[in-house]
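Subject: Structure handover

Hello,

Here is the structure for you to open. Please keep it on screen while you read the notes below.

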Amino acid sequence: MKLLAFLCLLELSLLPSQCFPQKPQETTGEEPARIEITAKTDRESYKVIPCGRTGVLVFFKSVEVAEGQKVKWYFSLYDQNLNNIWTKSIPILSDLDYKFNNPSHDTLAMVFVYSGKQKNEDQALEILRITLPGGQFIPNNSKVPANTEPLSVCFKGRFAYFALNHKNGPAAVEIIDLLTNHTKGFFTAKEGLSAIRWFDVDSLTGMIRTILTKPLTKKETENWFEVFDTAGTLKTTVKVSTINSDREFTGFQVIRTPGGNDLVAGTYQIESSGTNPKTKEAGESAGIFSSLIVPGNQKNLNFYNFLEMKSANSILSAKNMMDLKKKALKKKKNVGEYSADLKVIFHEPFIQNDCYLMISEIYYLQYHSENFTDFDFYGRPYSNSYSVFDGYRFTSALVTAFNSEGQLLWDNALEIRDVLSFDLSPKICAVIQGDKLLMAYNSSGKIGSKIIKGPETTGKLEFSPLESRYPDDKLITETRSGLVKWYDKYFLCYGFQDIKNVALDQNNRRLVFYLTKEKFEE
C-alpha cells in the first residue's frame with residue numbers, strides 16, 4: 001500500500017485567550033496541508049472533530065474568564081485544504097468539559113458535562129449545536145439528576161437521548177427536546193441498583209434499546225436486553241445469560257440484523273480460570289461471546305476463547321501462550337478452560353459483505369518504579385520505592401467476523417507498536433475498501449497500516465513517516481496522537497509534537513499541536 005504523505009502549508013498560532021488564524025492561502029485540491037498550533041504543554045485541551053467534506057473543527061478550552069463562572073472555548077473550522085474558514089468563541093460553565101459529539105450533514109452537536117466533584121444537587125449539562133459551514137452557535141442549557149454519570153447520548157431528529165447511570169440507584173434515560181429545551185425522563189427500574197452497559201435509539205421506531213446489568217448479590221449480577229418507548233414503558237425484556245455459572249460478561253455491543261433480530265456480542269471472563277484471584281483485575285476478559293436475541297428469547301450463545309483463535313499468537317506473547325499451554329497440558333485440560341486475562345475496549349460493530357465485524361483493542365496498564373532514600377526513627381537510611389502510572393499501553397487489535405446467527409466466521413489481528421496514552425479510547429481507524437479492510441494508527445510520527453481480506457493479510461504492517469514543517473525537523477517526542485477518518489480516502493492525523501531543528505536561527509525547538517491531512521491509496 002502506498003501512503004501519500006503531505007507537507008506543511010500553513011501555521012496557526014493560538015494563545016490561551018485569543019485566536020489569530022492565518023489568512024487562507026491560495027491552494028489547489030491536490031496540495032498537502034498541515035496546521036501547527038504553538039503549545040506550552042501537551043496537557044492543553046486541543047481536540048479535533050472531522051466534519052466530512054465541510055471541513056474539520058479544532059477547539060480548546062481557554063483560561064479566559066467570562067461572565068457568570070464561565071470560561072471561553074474557542075472553535076476554528078478549516079476547509080478540505082486546512083485553510084481557516086472562521087474562528088469563534090463562546091462562554092461555557094467552567095466546571096463543564098467536552099465529552100460527546102454527533103455530526104450530521106449541516107449541524108454538529110457537542111455535549112459538555114459536569115466534571116467537578118459530585119454533589120447532592122442536579123448537575124449542569126450543555127448541548128452546543130454549531131451550524132456548518134456558517135458557524136452559528138445554538139446552545140441548550142439543561143441539567144441531569146444529582147450523582148448521575150452520562151454514559152452515552154443519541155441524537156434523533158429534534159431530541160437528544162441520554163443514558164444516565166446513578167451512583168446509588170437505578171439507571172435512567174433523559175430526553176431533551178432541542179427546540180423547546182423541555183426535558184422528560186424515566187428510570188429503567190422501579191427500585192434497586194441497575195447500570196446501562198449499552199444504549200441506542202432505533203432510527204425507524206424511536207424505541208430505546210439497552211443492555212442493563214442488575215446486581216443480585218455482591219458477587220452475582222443479571223444482564224437484560226430491554227427496550228422502552230419514550231414514555232418509559234417496557235416493551236421487550238430478555239435475560240442475556242451466560243448459562244455457565246463460571247462465566248461472566250464484561251462488555252457488550254449490539255447490532256441489528258436484517259431479519260429484525262439483535263446480535264449481542266462482547267467479552268467474557270472465566271471465574272475458575274486458574275488465575276490467582278488476588279492478582280486478577282476487574283474487567284479482564286478471556287474471550288469474545290455472541291448471542292442472538294429473537295422476539296422474547298435468547299438463542300445461539302457462543303463463547304470464543306482468545307487462546308483458541310487463529311490470531312492468538314498475534315495478540316499474546318509467545319511466553320504467555322507457552323505458559324498457558326503447559327498449564328493446560330499438565331492438568332489435562334483444554335486450553336479454552338483458561339483465560340489470557342486481557343483488557344479490551346470495543347469499536348462500534350459494522351457490516352462488511354454480510355459479515356458483522358467487531359474490532360477489539362487490547363491494552364494493559366503500564367507503570368514504572370521511582371526509588372528514593374528515606375530514614376527510619378533512628379536516622380538510618382533505607383531504600384524505598386513507589387509505582388508511577390505511565391498510561392495505557394496498546395498492544396494489538398483483534399478483528400472478529402460473525403454471521404447473522406452469531407457464529408464466528410474468521411478472525412485477524414493487527415500489531416500496535418509504540419502507542420502509550422492516558423486516554424482510554426480506540427486508537428485504530430478501520431475503513432472498508434470493497435472486500436478488504438484498511439486498519440491504521442498514528443504512532444511516534446509515523447502511520448502504521450495494514451490491509452486484511454477476511455482471515456488473510458494482503459500485506460505486512462507498514463510504517464510511513466509524517467512530514468513536518470521543515471526538512472531538518474527532528475521529532476523528539478509525540479504524545480496524545482490519533483488518526484481519524486475524514487472523507488473519501490482522506491484521514492486526519494493529530495497530536496502534540498516536540499520538534500528540534502538546529503538549522504533554524506530562532507525557535508529551533510518547538511512544542512506544537514499539529515493536524516495533518518493524509519491520503520491512503522492501495
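First, a term you will need throughout: a residue is buried under 20% relative accessible area, exposed over 50%, and partly exposed in between (1.4 Å probe, protein chains only). With a relative accessible area of 0%, A401 is buried.

Two notes on the source. This is a predicted model, where local features need pLDDT of at least 70, side-chain atom pairs count only at pLDDT 80 or more, and totals for chains, interfaces and linings use all residues. Residues are numbered from 1 along each chain as its sequence is written, and side-chain values use heavy atoms, with hydrogens and water left out.

The whole chain

The protein chain has two helices and 37 strands. Both kinds of element are DSSP runs, numbered from the N terminus: helices are H or I with at least four residues, strands are E with at least two.

What about overall size? Along the principal axes, the C-alpha atoms fill a box of roughly 70 × 70 × 60 Å. The radius of gyration is 25 Å; a compact globule of 522 residues would have one near 24 Å, so the two agree. Here the radius is taken over C-alpha atoms, and the globule rule is 2.2 Å times the number of residues to the power 0.38.

Of the 522 residues, 49% are buried. The chain exposes about 25900 Å², and carbon and sulfur atoms supply 49% of that area. The areas come from the Shrake-Rupley method with a 1.4 Å probe; for residues, only the protein chains shown count as cover.

Now contacts, meaning heavy atoms within 4.5 Å. Take those in the protein chain with a separation of 6 or more: residues 24 or more positions apart account for 51% of them.

The charges come next. There are 62 positive and 61 negative ones, and their mean positions are 3 Å apart. Lys and Arg count as positive, Asp and Glu as negative; His and the chain ends are not counted. Each charge is placed at NZ of Lys, CZ of Arg, CG of Asp or CD of Glu.

The cores

In soluble globular proteins, nonpolar side chains tend to be buried together. A nonpolar core here is a set of buried Ala, Val, Leu, Ile, Met, Phe, Trp, Tyr and Cys residues joined through side-chain atoms within 4.5 Å.

Which residues touch the most other members of the largest core? They are F306, L307, I315, L316 and L342, in a core of 28 residues. Several elements supply at least two residues each to this core, including α1 (312-315), α2 (318-330), β27 (355-375) and β28 (381-402). Apart from it lies another core, of 22 residues, with F59, V71, W73 and W86 among them.

Look at L307 in more detail. Beyond its neighbours within four places in sequence, L307 is in contact with A312, L316, M321, L324, V335, Y338, S339 and A340.

Back to A401

A401 sits in strand β28. Leaving aside neighbours within four places, the contacts of A401 are C355, Y356, L357, Q407, L408, L409 and W410.

Towards the surface

Is L329 buried or exposed? L329 counts as exposed because its relative accessibility is 68%. This residue belongs to helix α2. L329 and E521 are 192 residues apart in sequence and 47 Å apart in space, C-alpha to C-alpha.

D472 is in the loop between β34 (462-465) and β35 (474-485). At 52% relative accessibility, D472 is exposed too. Not counting residues up to four places away, D472 touches K500, N501 and A503.

T38 is in strand β4 (residues 34-38). T38 is partly exposed, at 40% relative accessible area.

Backbone details

Where is the cis peptide bond? The bond from L132 to P133 is cis, with omega near 5°. P133 is in the loop between β11 (123-131) and β12 (137-144).

R480 is not a glycine, yet its phi is positive, near 50°. R480 lies in strand β35 and is partly exposed, at 35%.

N507 also has a positive phi, about 50°, without being a glycine. N507 is in the loop between β36 (490-500) and β37 (509-521). With 64% relative accessibility, N507 counts as exposed.

Best wishes
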